Amino acid sequence: MQTTLNPIEAMYDNRPRRWWIYTLIVLLLTIVLGWSSTAIEFKGIASKGAEVAYGIVYGIFHPDTNLLWTLSPDGVPYLLLQTVGIAVLGTLIGGLLAVPFSFLAAENVVPKWLAFIVRAFTLLIRTIPSLVWALVWIRVTGPGPFCGVVTQSICSIGMISKMYINAIEDLDTKILESLDAAGCNTFQKIRYGILPQLYANFISTIIYRFDINIKDATTLGIVGAGGIGAALIQCINSRRWSMVGAFLFGLIILMLIIDFFSTRVRKRLARG
Amino acid sequence: MTRKKYKQAKPLLFDRLFPPRTMMVGGHTVQKPRSRAWLISIVLLIVVAASVMITEFDIGILIKRGHQLWVILAKIFNPKWEYFSKVVNPLLDTIKMSVMGSVIGSLLALPFSIIASANIVKNGILVAIMRVLLNIVRTLPTLVIASISALMFGLGTFAGTVAISIFTFGIVSKMMYESIETVDMGAFEAMEALGSTKFRAFWSAVFPQILPTYLSHCLYSFEINIRAASILGYVGAGGLGILINDRVGFRDYEGLGMVLLTLFVVVLIIDNTSQYLRRKLS
């Protein structure tokens, strides 16, 4: 009998005790961590490590102003613009290409087996890293910004169609019935029944992907797919720190601006 | 009583230039804003045209050389199975790097995200500075961080772990301060009113609320990290990327196919496990 305890203490006494689960989790984590810590074979900072660290800090605070303001094709503004251009075209084309895929992968539109196949296909596109796509495409288009555009158009399909499919499967089909009852034809049903439900979600997805693609476009340059990445990596490898600083400076400013605007637009779209 | 004067929201520039049409609907006057579709289409058209010019967009190349892609893809989808024995070790390196990087990054993210959440730290300037710093960390591309740390710490998995940690730190801390700002602050304030220190109040009142979200964010970042870590080797930071770079260099696309297939299977397993765990957490 627990008459001496007041109800609160009684409740506290009966609190769920799952210490064995916690011990198990901690044990598992320790094992995993112990195993993966073998990856950290710290060989000490490389002989020139301190110099590199100093160089980076020096470069960020003393960016090459010549490079930062020149309008020539090797200057920071032009390369940034090219990066944005790659991301814009890649996202738009990817967003358009994703539309048929996502309708074909939505279980409320097509039979289940077809939806499954198309889904597996988009998953495949998504899992292959964009860098690998770029390496493959570069054999087709040759190096240059065009390669970046094609790569991003294909890569974007994977993620964009995943988000589109969710939107399509959430469609409210009752509206279509009432439009039917009101005597609308197929075109009108799509225009007034389906598009208004989808477009805010689709645009929000595209803007989100644009955010990712901008970041991706900078790294694609490393394999020669245009944009700022190629120049940046060359400068890092040849240790021209003030040029590295100029590129990083431009990149950070661009990202902050785009992040700011995309968050604002997406908030507005979410509110309707 | 003095009536508070509310400032009328200023109409947008577009609505001032093209005033809304006034219509009569069922005895009420209704203002119908003019359509913006034409303006949006013109802007979009200009942006696309500029992008086409600046990226040297040329559909002709695709038509002329498009068949090349199918040649390569056909080889990739015909993986060389005996190459698997060479894939195992770099694959384990990739997994180790992402486990270690995720753990270090997420642990580092916790204190910083607390400083960056406006409901815990009342000093607005400190919060703003912290957020700008976190934003800057997130803008740095992982491959750039990896190549810099490869120069600093030498080629190998350690450089990759550092890059993954920084990357994880960036995304987890952003997601965390957004979650911390949505917690119920009642318990925190009650504990502070009873005289507990800020840390104690956070630990007992806020931490239990954010713990499931925190773990979920950590798992999510781990999912992303596997993919990110797989390419880091391209700049010399260990893992599968070395093989990818190697195979493409030798034009051994069957070998590349094997690398990608292994990666695909591992990503699939990890994604599904982590999604299952995250569903349990929420």
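Trainee: Where does Met163(A) lie?
Mentor: Met163(A) belongs to helix 8 of chain A, which covers residues 145–169. Keep in mind that this is a predicted model.

Trainee: Is Met163(A) exposed or partly exposed?
Mentor: Partly exposed, because it has 18 C-beta neighbours inside 10 Å.

Trainee: And how many residues apart in sequence are Met163(A) and Ala98(A)?
Mentor: They are 65 residues apart in sequence, and their C-alpha atoms are 9.9 Å apart in space.

Trainee: OK, Trp137(A) next. Which helix is that in?
Mentor: Helix 7 of chain A, residues 130–141.

Trainee: Buried or exposed?
Mentor: Trp137(A) is buried, since 27 C-beta neighbours fall inside 10 Å and the cut-off for buried is 20 or more.

Trainee: What is Trp137(A) in contact with, leaving aside neighbours within four places in sequence?
Mentor: Cys147(A), Val150(A) and Thr151(A).

Trainee: What about Ile25(A), where is its place?
Mentor: In helix 2 of chain A, residues 19–36. Ile25(A) is exposed, as it has 12 other C-beta atoms within 10 Å, and 12 or fewer is what exposed requires.

Trainee: How far is Ile25(A) from Ile222(A)?
Mentor: Their C-alpha atoms are separated by 40 Å, and the pair is 197 residues apart along the chain.

Trainee: What does the domain assignment of chain A give?
Mentor: Domain 1 is 7–39 and domain 2 is 51–271. The C-alpha centres of these domains of chain A lie 41 Å apart.

Trainee: Where is Arg239(A) found?
Mentor: In the loop between helix 11 (229–237) and helix 12 (241–271) of chain A. With 15 other C-beta atoms within 10 Å, Arg239(A) comes out as partly exposed.

Trainee: And Arg251(B), what's phi there?
Mentor: Near 55 degrees, a positive value, and Arg251(B) isn't glycine either. This one is found in the loop between helix 10 and helix 11 (253–281) of chain B. Arg251(B) is exposed because there are 11 C-beta neighbours inside 10 Å.

Trainee: While we're on chain B, at what angle do helix 4 and helix 10 of chain B pack?
Mentor: About 135 degrees, with their axes 7 Å apart. Helix 4 of chain B is residues 84–115 and helix 10 of chain B is residues 240–249. That makes the two oblique to each other.

Trainee: Which residues make the contact?
Mentor: Helix 4 of chain B brings Val87(B), Pro90(B), Leu91(B) and Thr94(B), while helix 10 of chain B brings Leu240(B), Ile242(B) and Leu243(B). By class, that contact has 6 nonpolar residues, 1 polar and no charged.

Trainee: How many residues of chain B are in contact with chain A?
Mentor: 47 residues of chain B, against 50 residues of chain A. On the chain B side, helix 6 (residues 142–153) gives the most, with 7 residues. That side has 29 nonpolar, 12 polar and 6 charged residues.

Trainee: Last topic, confidence. What ipTM and pTM does the predictor give the complex?
Mentor: An ipTM of 0.81 and a pTM of 0.84. Chain A has a mean pLDDT of 85, with 94% of its residues at 70 or more. For chain B the mean pLDDT is 86, and 96% of residues reach 70 or more.

Trainee: Where in chain A is confidence lowest, and where is it highest?
Mentor: Lowest in helix 4 of chain A (residues 65–69), with a mean of 77, and highest in helix 5 of chain A (residues 76–104), at 92.

Notes
Residues are numbered from 1 along each chain as its sequence is written. Chains are lettered from A and ligands numbered from 1 in the order in which they are written. This is a predicted model: local features need pLDDT of at least 70, side-chain atom pairs count only at pLDDT 80 or more; totals for chains, interfaces and linings use all residues. Axes are lines fitted to C-alpha atoms, for helices over the stretch in contact, and angles run from 0 to 180 degrees between N-to-C directions. Helices (H or I, at least four residues) and strands (E, at least two) are DSSP runs, numbered from the N terminus. Angles under 35 degrees count as roughly parallel, over 145 as roughly antiparallel, 65 to 115 as roughly perpendicular and the rest as oblique. Two residues are in contact if their C-beta atoms, placed from the backbone, lie within 7 Å. Ala, Val, Leu, Ile, Met, Phe, Trp, Tyr, Cys and Pro count as nonpolar, Asp, Glu, Lys and Arg as charged, and the others, Gly among them, as polar. Domain bounds come from an automatic or database domain assignment. pLDDT is the predictor's confidence in each residue, from 0 to 100.
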